[in-house]
Structure formats: C-alpha cells, structure tokens
Amino acid sequence: MERDVALKLVKVQLTEHRYQHTLGVMETAITLAKLYGVDELKAETAAIFHDYAKFRPKDEMKEIITAQGFPGDLLSFNSELWHAPVGAYLVEKEAGITNQEVLDAIRYHTSGRIGMTLLEKIIYLADYIEPGRHFPGVDEVRMLAKENLDQALIKAVQNTILFLMKKNQTVYPDTFYMYNDLIKKLEA
Ligand code: DGI
Ligand code: FE
Ligand code: FE
C-alpha cells in the first residue's frame, strides 16, 4: 500500500499527538530497517499501522479478544496491552493488510515475545525510541540501537519491566519471555 494512503487510513483513527508519534515510529523503523537489513516497506507499513487500535473503546477490544480466541488471559492484564493484537486483527479486516510478518510486528509491538523476528524487534524498538519519546533511559537505548539491536531491546524491555514493577503493576508473561530469550542469546 502507498505510504500516503496508509497514513490517511491511520490518521482518522488517532489523536494528532498519537499521529505524530506514528510518523516518528515510521521514520525510525525505516532507519533501523536499513541498518539491520530488513525489508523497508514492511517496516514502514507495520510502523504506520502499529497503534491503529489505540483508541478503540475497551468494550470493543474485549469483544474482539474473546471472539477471535486471542490468549484469554490477556483480559486479566493491563488494558494497555490490548491495542496491539486487536490492531493486528483490525488492520487486516479494515485496511486489508495481509502480510503475516507485518501483522505479527503489530501484534507483538507492546508485549514482545519469545523468538521475535528482526521486523518485530525493529517495530518494538522504533516505538520505544522515536524522536517524540522523552523518558529516563531513552537516550541510552537510542545509542545502543545504532550498535546492537538485541542489547538495545534488552535495555528497553528491562526499563519497561522495572517501570511496571515500581508501580506495582502486572507484567505480561510474553514480556518476561522476550527478556529471558534475549538474555540467553547474549550469554550463548
Ligand atoms: O502504544 P504506545 O504508547 O506507543 O506504546 P506501547 O504499545 O509499547 O504501550 C505501552 C504501554 O503498555 C507502556 O506504557 C507499558 C504498558 N504495559 C502495561 N503492561 C505491560 C506493558 N508493556 C509491556 N511491555 N508489558 C506489560 O505487561
Ligand atoms: Fe502501542
Ligand atoms: Fe506506539
């Protein structure tokens, strides 16, 4: 799909702020795709649509998660996680995106998972470090992203887990699986 067409489909789903974030993720994902030899068009499409479902009503997201047989325990974890798998579903249904690698990059962009593909890693990281992000530790991850994709991801997921734990929030198992998987690969 043409970039302009995709951006128009996404813009109406988002607030202006979230749309600007999406443009930042798109630029960052393309840069990372070039650096790490990933298909730039897939990275662009996944980035543009990654937060497509961010503002869907919770009830609608709940219904989709239940009806589509997504991991049921998702509903007992933070609702911030829901827009990722729901987004993958809606982007296929409403925008006609059928590439499974792109859909998986959208599906796992919040939680992460074990055995992430390069494309999934790039979208996860671009979401974390796009220029509009300002939080403690983001500059360190930006620097690492230029040198070592997995080390940047480890730092990002560590920061997220620590952030959630400090607030006494749950951590979805896939996020721990992602962390453990990357650490084991680093040790190997
Ligand atoms: O949608 P965005 O705001 O661009 O970013 P995102 O899709 O990474 O969602 C981020 C929020 O989800 C982040 O502030 C942390 C929150 N969250 C809640 N529970 C979990 C979680 N993030 C992860 N990785 N794992 C969780 O269990
Ligand atoms: Fe998101
Ligand atoms: Fe995002």
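Reader: Is D51 buried or exposed?
Author: D51 is buried, at 1% relative accessibility. Keep in mind that this is a predicted model.

Reader: Why does 1% count as buried?
Author: Buried means under 20% relative accessible area, so D51 at 1% falls in that class.

Reader: What does D51 bridge?
Author: Two iron ions. D51 bridges the iron ion (ligand 3) and the iron ion (ligand 2). The two ions lie 3.5 Å apart.

Reader: Where do H21 and D51 lie in the chain?
Author: H21 lies in helix α2, residues 16-36. D51 is in the loop between α3 (40-49) and α4 (58-67). The two are 30 residues apart in sequence, so the pair ties together separate parts.

Reader: H21: buried or exposed?
Author: Buried. H21 has 4% relative accessibility.

Reader: Now the other ion. Which protein donors does the iron ion (ligand 2) have?
Author: D51 through OD, plus H83 and H109 through NE2. They lie 2.1 Å from the ion. Their spacing along the chain is D-x31-H-x25-H.

Reader: Where are H83 and H109?
Author: H83 is in helix α5, residues 83-95. H109 sits in the loop between α6 (100-107) and α7 (118-129). They are 26 residues apart, and the pair links distant parts of the chain.

Reader: Are those two buried or exposed?
Author: H83 is buried, with a relative accessible area of 4%. H109 is buried too, at 2%.

Reader: Switching topic. Where is E44 found?
Author: In helix α3. E44 is buried, with a relative accessible area of 9%.

Reader: What is E44 in contact with?
Author: Leaving aside neighbours within four places in sequence, E44 contacts R3, M26 and I30.

Reader: What about the surface? Which residues make the nonpolar patch?
Author: M1, V5 and L9 make a nonpolar surface patch of about 240 Å². M1 lies in the segment before α1 (3-11). M1 counts as partly exposed, at 42% relative accessibility.

Reader: Last one. What is the phi of N168?
Author: It is positive, about 55°, although N168 is not a glycine. Most residues other than glycine have a negative phi.

Reader: Where is N168 found?
Author: In the loop between α9 (149-166) and α10 (173-187). N168 is exposed, at 74% relative accessibility.

Methods
Residues numbered from 1 in each chain as written. Chains lettered and ligands numbered in written order. Predicted model: local features only at pLDDT ≥ 70, side-chain atom pairs only at ≥ 80, totals over all residues. Heavy atoms only, no water. Donors = N, O, S within 2.8 Å, 3.2 Å for Na, K, Ca; no water. Helix = DSSP H or I, 4+ residues; strand = E, 2+ residues; numbered from the N terminus. Buried < 20%, exposed > 50% of the residue type's maximum accessible area, 1.4 Å probe, protein only. Contact = heavy atoms within 4.5 Å. Patch = residues over 30% accessible without salt bridge, like charges linked within 9 Å, V, L, I, M, F, W, Y side chains within 5 Å. Areas by Shrake-Rupley, 256 points an atom, 1.4 Å probe, with all protein chains shown as cover. Salt bridge = Lys/Arg side-chain N within 4 Å of Asp/Glu carboxyl O.
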